[in-house]
Amino acid sequence: MAEDSWQLTGSGPESYERYQVPSVFGPLARLLLRHVPPRSGQRMLDVACGTGIVARLAASILGPEGSVLGVDLNAGMLEIARRESPSGGAFLEWRQADATALPCQDAEFDMVLCQQGLQFFSDKGATLREMHRVLRPSGRVALCVWRGIEHSPCHVAIAEALRRHAGPDAARRFGAPFAFGDGDALHCALVEAGFQDVEVRVEVLERHLLPPEESVPGLLASTPVGPEVAALGEAVRHAIVEEVTEALASYRDEGGFTVPQPTHIVLATR
Ligand SMILES: C[S@@+](CC[C@H](N)C(=O)[O-])C[C@H]1O[C@@H](n2cnc3c(N)ncnc32)[C@H](O)[C@@H]1O
């Protein structure tokens with residue numbers, strides 16, 4: 001498995017569902033689906049579904065005539081997706097697979113969704129061609145990929161603190177979700193994979209976080225660097241929280257802090 005395929009282990013998937021889904025991936029999924037509203041009867045695919053927030057929301061909008069398949073590499077993430085699957089709504093199914101070889105037939109889906117997954121695929125071209133293959137003619141793809149880390153003050157602050165306390169490799173791996181942040185490169189990748197009417201939009205998520213002493217440990221625990229930061233001990237954890245608190249002073253509000261986190265939304269047609 002590629003080192004940067006953003007794999008959570010142990011209690012990571014549980015922390016992800018607890019800290020990241022309510023504060024960022026849930027609101028982001030609602031935003032993504034506003035760009036491509038699911039229509040009754042559609043069959044949809046959620047690639048790199050993680051704990052399944054996009055697939056679950058889509059299923060609740062689609063209604064019983066529709067169906068959604070979620071695919072992810074990580075068995076721990078899929079276990080939570082299964083556990084959290086709502087009853088009612090569209091038929092929901094989960095499969096463990098690599099996005100570069102989707103376990104799906106040609107032209108099987110009306111829509112392919114992928115929220116914050118493309119940046120982790122070792123062969124992005126192969127994965128986009130797979131998405132193209134499994135879409136029916138005129139089917140739609142909708143992807144979400146973060147802009148560069150320099151546009152996300154909270155992640156800049158944490159990455160800087162990590163660089164100081166856990167080293168440059170931990171900081172780099174923490175920043176991996178932001179490593180495919182160039183809108184022109186995204187546009188080119190979809191055109192090269194055979195998509196038409198490619199459109200790259202920018203949306204800014206206002207991310208509301210609890211005070212840093214609560215949110216920063218939770219956020220770190222739900223990323224692949226969580227276990228190694230925990231192993232550095234309480235004093236390092238405290239120093240990281242202090243430094244992030246100081247760096248984000250201008251974003252403080254009553255409940256904690258609110259930071260912008262911009263994303264690209266890429267829409268295209270098969
Ligand atoms: C940041 S999470 C996003 C999860 C989900 N889409 C969401 O919005 O909550 C990235 C996900 O990509 C998955 N992933 C990374 N590389 C993959 C691959 N080659 N094939 C399938 N899933 C992959 C990881 O296991 C992880 O669940």
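Residues are numbered from 1 along each chain as its sequence is written. Because the model is predicted, local features need pLDDT of at least 70 and side-chain atom pairs count only at pLDDT 80 or more, while totals for chains, interfaces and linings use all residues.

Strand S8 (residues 256–269) pairs in the antiparallel sense with strand S6 (residues 196–209) over twelve bridges and with strand S5 (residues 135–146) over seven bridges, where strands are DSSP runs of E with at least two residues, helices are runs of H or I with at least four, both numbered from the N terminus, and pairing requires at least two DSSP bridges. Ile265 in S8 is the bridge partner of Cys144, and Arg201 also stands opposite Ile265. Strand S7 (residues 252–253) runs antiparallel to S8, joined by two bridges, and the two strands form a hairpin with two residues between them.

In helix H8 (residues 212–221), Pro212, Glu213, Val216 and Pro217 meet Arg237, Ile240, Val241, Val244 and Thr245 in H10, contact being C-beta atoms, placed from the backbone, within 7 Å. By class, this contact has six nonpolar, one polar and two charged residues, with Ala, Val, Leu, Ile, Met, Phe, Trp, Tyr, Cys and Pro counted as nonpolar, Asp, Glu, Lys and Arg as charged, and the others, Gly among them, as polar.

The shell around the ligand has eleven nonpolar, nine polar and two charged residues.

Arg83, in helix H3 (residues 75–84), lies 69 residues from Glu14 in sequence and 11 Å from Glu14 in space, C-alpha to C-alpha.

Conventions
Two residues are in contact if their C-beta atoms, placed from the backbone, lie within 7 Å.
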